[in-house]
Every structure is written in C-alpha cells, then in structure tokens.
Amino acid sequence: MQITVVGTGYVGLVTGVTFAEIGHEVICIDVDSTKIEMLKRGEVPFYEPGLQQLLVHNLANGRLTFTTDGDEAYRLRDVIYVAVGTPSKADGAVDVSYMEQAVVDVAKAIEEYTVIVIKSTVPVGTNERVRALITEHTSCPFDLVSNPEFLREGSAIYDIYHGDRIVIGAEDERAAETVAMLHKPFGTPIFHTDPRSAELIKYAANAFLATKISYINEIANLCERLGANVDAVAHGIGLDRRIGAQFLQAGLGYGGSCFPKDTRALLHMAETAQSDLRLLDAARSVNERQPYVVVERLKKRFSSLRGLRIALLGLSFKPNTDDLREAVSLVILQELQAAGASLIVYDPVVDQPGGNRVLEQVAFAGSIDEALSGAEVAVIVTEWEEIKAFPLASYKGLMKEAVVIDGRNCYPLAEAEKAGIEYYSIGRPAVNKQQPSQLLKQ
C-alpha cells in the first residue's frame, strides 16, 4: 500500500520504517527540515537499537522516503498515519494542537478516499472531534481509525514483530479491515473495538503498569523496614499467574515519555468526567517520591554531602535509549547538586549535556572506570547491560571508598558480599553496612 506517516519522532519513525520493511511504500513527513535531511542521509536523531539498519536498508531499496512537502506526502495515498507529539500541559491535560494541525493539513491535501489513522496518544473522544475537523476542511470521502501504539523505547523493533495486540478503533468495517491487513505480516493478534474504547485502552494499559511498578516499590520500602528481601517477595508473588512477574522489579520508579504523561492525562480525564481515580493518584505520588530514596540513603550514610565525590552510573530513563524525559537521574542529580556534592556521570549513550541545565553542572566520564576512579560513592541509576556486567570487585579497586548504592538491584547480594564493598540496594538487606561509630569518623 501507499502509506504516509506524519511525524518522525519515536513512534512515527519506527512505524514508517517497519511498514517499509514489510513491503509497503512509505513517505514520512515532518515540519523539521533539519531532521528530514538527517533521515535522508540514513541518520537517526535518537537512539533505538536496530532502527538505523532498517532505515538505511529501506532508503536503499526505495520503499522509504522523507519530505517536508505536504502535497507530495498526502496526495493519492491509501493510508495516512498521524503520529505527532501530544505533550502534557501544566495541569496534566493533553496538548493535541500539533495533532489537530497535522489533521487539518491532511484534510486540505487529500483528493480521493483515504483512511486516516490516529497513532498519537490522544484523550478519549478525540476521534469524534477529529472527524468533525476533517469534515470542515475537505469534501473528499475518508474514514478515521484509532490505532494506539504500545512500543517500548529500547525494544521497539522487537515489539513491532512480537506485539501482544493491535488495537483498532473504528466505526467503519472497511477502514478497520484496511488497517488490519497492513499489520497482517507481523502476525500480531488484532482487536477491533470502538474508537473511544481504543483511545482509553492505551491510557488504561500504561496506568496499570505504572501502578504495578509503584506497588512493588512500596513493598520494597516496607521490606527494608521489616528485614525482608524484595527479590524474594517479588518472585513469590510473580509466580501467581494472576499477577505475573513482569514489572515487579523494585527500583527508583518509572520515567520516560509515556508513563508519567499518560498517568497525568488519565487523572485529568477522570477529573473532567468527575470520576476519582484514587489508586492511580496514589501510584503517581509514590513514583514521584521514589528517587529520593537514594538521596535519603546518602544523607544517612554520610554526615555531609558537600564535596563528596559521587559517580552516577546511567542517565537515560531506561536502558537502550537516550531519552531523558522525566528521567529519575535528573531528580537525583538536582538534589545532590543542591547538597554540594562533586558529581561525575557516565551513560553509554548520553555523553553530553545536550542543553539540559542539570547536566551542564556535572562532569562526564568516558567509561565506568573513569567515573569510578577516586569516587567515594557510586550510585547506579540505569540498569544498562554494560553497568550490570561491570565486576563489583572493580569498584573496590577504582574507588577511594567503595560505597555503592544500587538503585536498580543490578547485583546479587552474595556478589557484593564477596567483593567486600559496602552495598545498598532497594528493598534488600545492606551488605557490609558500617556501624554508627564508624560513620562518625567519616
């Protein structure tokens, strides 16, 4: 089919490249001419494993092109996907202005029947408002489909080919079947529902996963007070098939572009509808305070953080991405800067401030070894494989004082014991914890 994807951000680019990979002819359009020129050269403006190889391959075979020209992108296309950003407003509401402008541009340009698919994450009821908006600007026949995405940053290519479901919200059976046929080569189960339910499914799914993360972090904090081990607790409850083991890894909370934004949006929608989502509000509150566990641990361990050399390992909100949106690392760094600590950071992908004011005030290391050299404390924030594979014994050899605070529970406790380091994690017993009398000598 002839497909256009509006927006070359994370969702739009992954969608366009993978549709080209399975044989469709795809045009991706964006208003950012600099980004479009990068993509034409085969350069991806963000980090996502496997994406650049697919981009280069489909540029070479001619199935994938990029443009800023709406006439080229919208005329005589079978399906047009709208995948532009829908950021949060200050009150948690979703800003759909970029999406609405994109839809108006599409409506003005189409010349024959077109299936228009909303891929952007949008509030419930958007499909109806967009339908009215398109009708104002075109007399061409069209059908509108809600097709929310469920891609995980860092594993998006895998998720495309091994997805749990494709949700299609459409009132017209022909349009629903068109979108279903597009996805048929992926072999993913199709769920056809009404547009409002499709829109809510995306928010409800992310809110549930966010709540599960906050729940296990609450249990982890309780484990520390009761002397239990959250690894054992999570494993024990995860064996229950009604609960499952996924998203039961205790840590410093969730971040990124989806969970924080979508939970706020769902809470705002509920408030507007005069419905009280108390459980989700509590989950959001738990997550917002979870990064401070590290700061509190440091303040308990040291009489003062002023001048203390701290190595922070991992900046991105999760492994295999360079995304710093709502990253817990930034919260922790800001708190440590305010306390006067001397900070050096290392991340396998994020290696410069990139205009972030918090990162402009810290030193960047080129390797884990460089970050740890002479440090008095190491704080693990992102569970990159490179960090998880780094030997604990090396911490002792490189650091001035081998105190490790593992915010992602990367290492077995027995390994920390064997390495002879002072080791603190989330919801698990401390290893080689110094006694109060020793701490006073610091």
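Is Glu218 buried, partly exposed or exposed? I looked this up first in the model, which is predicted. Glu218 has a relative accessible area of 35%, so I noted this residue as partly exposed.

**Entry: the Glu218 salt bridge**

I then looked for the partner of Glu218. Glu218 forms a salt bridge with Arg289, and the closest N and O atoms lie 3.1 Å apart. The pair links distant parts of the chain, with Glu218 in helix α9 and Arg289 in helix α12 (residues 278–289), 71 residues apart. Arg289 has 44% relative accessibility and therefore counts as partly exposed.

**Entry: other salt bridges**

I counted 22 salt bridges. I looked at Glu326 and Arg264, whose side chains meet in a salt bridge at 2.7 Å, N to O. This pair also joins distant parts of the chain: Glu326 sits in the loop between β9 (309–313) and α14 (328–338), Arg264 in helix α11 (residues 259–272), and 62 residues separate them. Glu326 is partly exposed at 39% relative accessibility, and Arg264 is partly exposed with a relative accessible area of 26%. I also noted that salt bridges with shared partners join Glu153, Asp323 and Arg325 into one network.

For Asp159 and Arg152 I found a salt bridge of 2.6 Å, N to O. Asp159 counts as buried because its relative accessibility, 9%, is under the 20% limit. Arg152, at 40%, counts as partly exposed.

**Entry: cavities**

How many cavities of 30 Å³ or more are there? I counted two.

The largest cavity holds about 50 Å³ of space. I listed its lining as Ile118, Ser120, Thr121, Val122, Ser146, Pro148, Ala198, Glu199, Lys202 and Tyr203. Helix α9 gives the largest share of that lining, four residues. By class I recorded five nonpolar, three polar and two charged residues in the lining of the largest cavity.

The second largest cavity has about 30 Å³ of space. Among the residues lining the second largest cavity are Glu224, Arg297, Ile405 and Tyr424. Here the largest share, three residues, comes from helix α13 (residues 292–301). The lining of the second largest cavity divides into five nonpolar, one polar and two charged residues.

**Entry: Ala204**

I went back to helix α9 (residues 195–226), where Ala204 is placed. Ala204 has 39% relative accessibility and so counts as partly exposed. I looked up a distance from Ala204 to Leu266: their C-alpha atoms are separated by 7.8 Å, with the two residues 62 apart along the chain.

How values were computed:
Residues numbered from 1 in each chain as written. Predicted model: local features only at pLDDT ≥ 70, side-chain atom pairs only at ≥ 80, totals over all residues. Heavy atoms only, no water. Helix = DSSP H or I, 4+ residues; strand = E, 2+ residues; numbered from the N terminus. Buried < 20%, exposed > 50% of the residue type's maximum accessible area, 1.4 Å probe, protein only. 1 Å grid on protein atoms, 1.4 Å probe; cavity = no way out; pocket = protein on both sides within 12 Å on 5 of 7 lines; lining within 4 Å. Points joined across faces, edges and corners; volume = space filled by probe spheres on them. Nonpolar A, V, L, I, M, F, W, Y, C, P; charged D, E, K, R; others polar. Salt bridge = Lys/Arg side-chain N within 4 Å of Asp/Glu carboxyl O.
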